[in-house]
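Have the model open and follow along.

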Amino acid sequence: MNTNIETFKYDNRIVRAFAIATVVWGIVGMLVGLLAAVQLFFPDANLNFQFITFGRIRPLHTNAVIFAFVGNGMFMGIYYSLQRLCKARMFSDWLSWFNFWGWQTIIVAAAVTLPLGLTTSKEYAELEWPIKIAITIVWVAFAVNLFGTIVKRREKHMYVAIWFYIATVVTVAVLHITNSMTMPAGLFKSYSMYAGVQDALVQWWYGHNAVAFFLTTPYLGLMYYFLPKAANRPVFSYRLSIIHFWALVFLYIWAGPHHLLYSALPDWAQSLGMVFSLMLIAPSWGGMLNGLLTLRGAWDKVRSDPVLKFMVAAITAYGMATLEGPLLSIKTVNSLSHYTDWTIAHVHVGAMGWNGFLTFSMLYYLFPRLYNTKLWSTKLANYHFWIGMLGILFYVIPIYIAGVTEGLMWKQFNKDGFLQYPNFLETILQVVPMFRLRAIGGTLYLAGAFMMAYNLYRTAKAGQFEPDTEAQAAALEKVPVIAGKPSWHRILEGRPLFFTVLATVSILVGGLVEIVPMFLVQQNVPTIASVHPYTPLEVLGRDIYIREGCLGCHSQMIRPFRSETERYGEYSKAGEYVYDHPFLWGSERKGPDLAREGGRYPAAWHYNHMDDPRSTSPGSIMPRYSWLLTQKMEVDTLPSHLAALRRVGVPYPAGFENGPAQKDLQAQADKIVADLKLGSVKADSDKEIVALIAYLQRLGTDIKSAPATAAVK
Amino acid sequence: MIYNIVRSILREAENINGYGLFSFFLFFGFFIGVLVWCFLLKKNYLNHMGDLPLDGGERKNLSTDNNQSEKI
């Protein structure tokens, strides 16, 4: 037995810093979400100010709540629990603070660039390449600090929470790097290295696993630490937690293609995504039950303790979301739910219930301990719980109703075999009252967050902050502390490097099986002879489409259903997207699909529609884009954009960007201006609206321009 | 027999190209392996692991909340 007892100190300063950041960014992220929600029934809430228009602040909201609120909450919980589980101070205070300030700088950079329209358009990965590089550096610093702490630990065994932290660190790094492969075309502009269907697969492999490994695995680790602490009893079944971990990390990575069901993605990839998503129910519910059963014999505490109350609700929300997610992955269910608000309701059960409530519970747990005092008001925390719960219900129930209504209306045929609701706008106007109720739900949830902020502030004022907590533990021995023959697993989790390698292999298998064939097997993306690269003016228009976040409301992927081909035209083919860097399929329809928009309306209709959508579509909830009518196109950057596109594989001839492109652009702009004149609209050829119209008029027209029999090579 | 049933179900999925079968058995093997592994773990080890969060090595006991008096 080792008698060499060492005294050391836990760093509480870094925990407090992340805790404050969590509260501040949480409130900011929710406020932005509320503003976006209001614009969906009151489009003028953007005050005709481009920087706060829905398309630009939707990614700001998602980034703020995922990476700023939950991200800081994750660091807060990990920095607190890791030190205690390892019985060691963090490996390096310098790295801890580098992690903190680096992360806050990235958040501020996102808060500035996204409203400016500087975005890659890839969901939850919108930040442009310099910020992506900064994320990589800060994440590596976090990883070094985490592994350094594990290596210098005084506790022989790595508790299951640490495994979840390791899986998070490794997988987020792999996902972030793979999905961030872009070709810079300027300081804040880049084009994805992948195109079309391949870009879509990589993006949703990333997007799904951002949910899995940023919003789920670290929070499961935190659940396995904070729940036993708050309930003052060990986890119900440690065995179950081991199965939970390995099954989850192995399965999650395969599920990404369920975001692309019935799209142009090859069927084998869709089937894999669906099957593995369904299998995810087992480990997810194993984890949920393990959490809830930990409270066996302690349910009386739940009645009075807000920390446990929030935890129970969070774990239940996790169970609900992880049951619903696999069900939504079933192709038939997905055919109804995809592109509707159903998905929005689903993610908000996870975000507000699981992540939000678990974060609140950790904050209520930590502040009294960091400040050596009692929580200022348990009553106020309980009020927070109930107002937050009401907020969630008022948010998700109307949005579930909206989602199902949209899905059913889009698919409804009348007895003569025609679409019952051929005008898309009609289906959206039907659910606008639900959008209003949703905003009430969001307001209630936000009000709860303000109550918490005040409660925590008063707690801090009442107590005295303890920057370091002194602790004692025996130095780590070379031989196992527990008598008996060491088991396989004890050997494994006693060697963090070997453990990390195994966890990495587990997550890589799914990614490799799905993604590698997509790049190697040519027949996965059949080429179409009549599909050509975008013209220079269309490239500029596409850049504007990306900048304004149009894909937040408009998809560009017609699924092979009669209800869709009747409404939009021929279903989308993989070969139509081979020059789409990045792909712009979107995931949500608040407006109609635009994959076959080209030629549907005259140029003047688009002009008037952008100036005031309600002039052409009475009742439309689309914001005005009047600034496009006055702002000049950025033609100076065109050469660098075309050169970057060539580098990622678009076959523009060498030297095209130096002269021929400008002539081509001017000729096409003049033609658009002439088309506008036919509709009694007078416009200058150098305005952004001209480029956007050129792009919209091109969409989906390539396959119409060639005979069908000769189209597919 | 189970193999044949699984194979026939997965073959019905169009263009599965063997990936479904490969993936299913990969996971099946992995999951069974983890299951067996878990049930071979010793009780005293599991108890020790389960208790880890409850002992952070801190030197003092604090009553920080009306309802909580455990070691922080």
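In chain A, L537(A), E538(A), L540(A), G541(A), R542(A), I544(A) and Y545(A) of α18(A) are in contact with E688(A), A691(A), L692(A), A694(A), Y695(A) and R698(A) of α25(A). Contact here says that the C-beta atoms, placed from the backbone, lie within 7 Å. Sorted by type, the residues of this contact are 8 nonpolar, 1 polar and 4 charged. Ala, Val, Leu, Ile, Met, Phe, Trp, Tyr, Cys and Pro go down as nonpolar, Asp, Glu, Lys and Arg as charged, and the others, Gly among them, as polar.

Helix α18 spans residues 536–547 of chain A and helix α25 spans residues 688–698 of chain A; their axes come within 7 Å and cross at roughly 100°. That is why α18(A) and α25(A) are described as roughly perpendicular (65 to 115 degrees; under 35 is roughly parallel, over 145 roughly antiparallel, the rest oblique). Axes are lines fitted to C-alpha atoms over the stretch in contact, with angles from 0 to 180 degrees between N-to-C directions. Helices are DSSP runs (H or I, at least four residues) and strands are too (E, at least two), numbered from the N terminus.

## How to read the model

This is a predicted model, where local features need pLDDT of at least 70, side-chain atom pairs count only at pLDDT 80 or more, and totals for chains, interfaces and linings use all residues. Residues are numbered from 1 along each chain as its sequence is written, while chains are lettered from A and ligands numbered from 1 in the order in which they are written.

## α9 against α11

Now look at helix α9 (residues 281–293) and helix α11 (residues 306–328), both of chain A: they pack at an angle of about 165°, axes 9 Å apart. So α9(A) is roughly antiparallel to α11(A). The residues of this contact come out as 9 nonpolar, 4 polar and no charged.

Of the 23 residues of α11(A), 17 are buried, so the rest of the structure largely encloses this helix. Buried calls for 20 or more other C-beta atoms within 10 Å of a residue's own, exposed for 12 or fewer, and partly exposed is in between.

L358(A) sits in helix α13 (residues 341–370) of chain A. L358(A) is buried, with 26 other C-beta atoms within 10 Å. Leaving out residues up to four places away in sequence, L358(A) touches Y219(A), L222(A), M223(A), M311(A) and A314(A).

Chain B has 3 helices and 0 strands. Of its 72 residues, 17% count as buried.

Notes:
Two residues are in contact if their C-beta atoms, placed from the backbone, lie within 7 Å.
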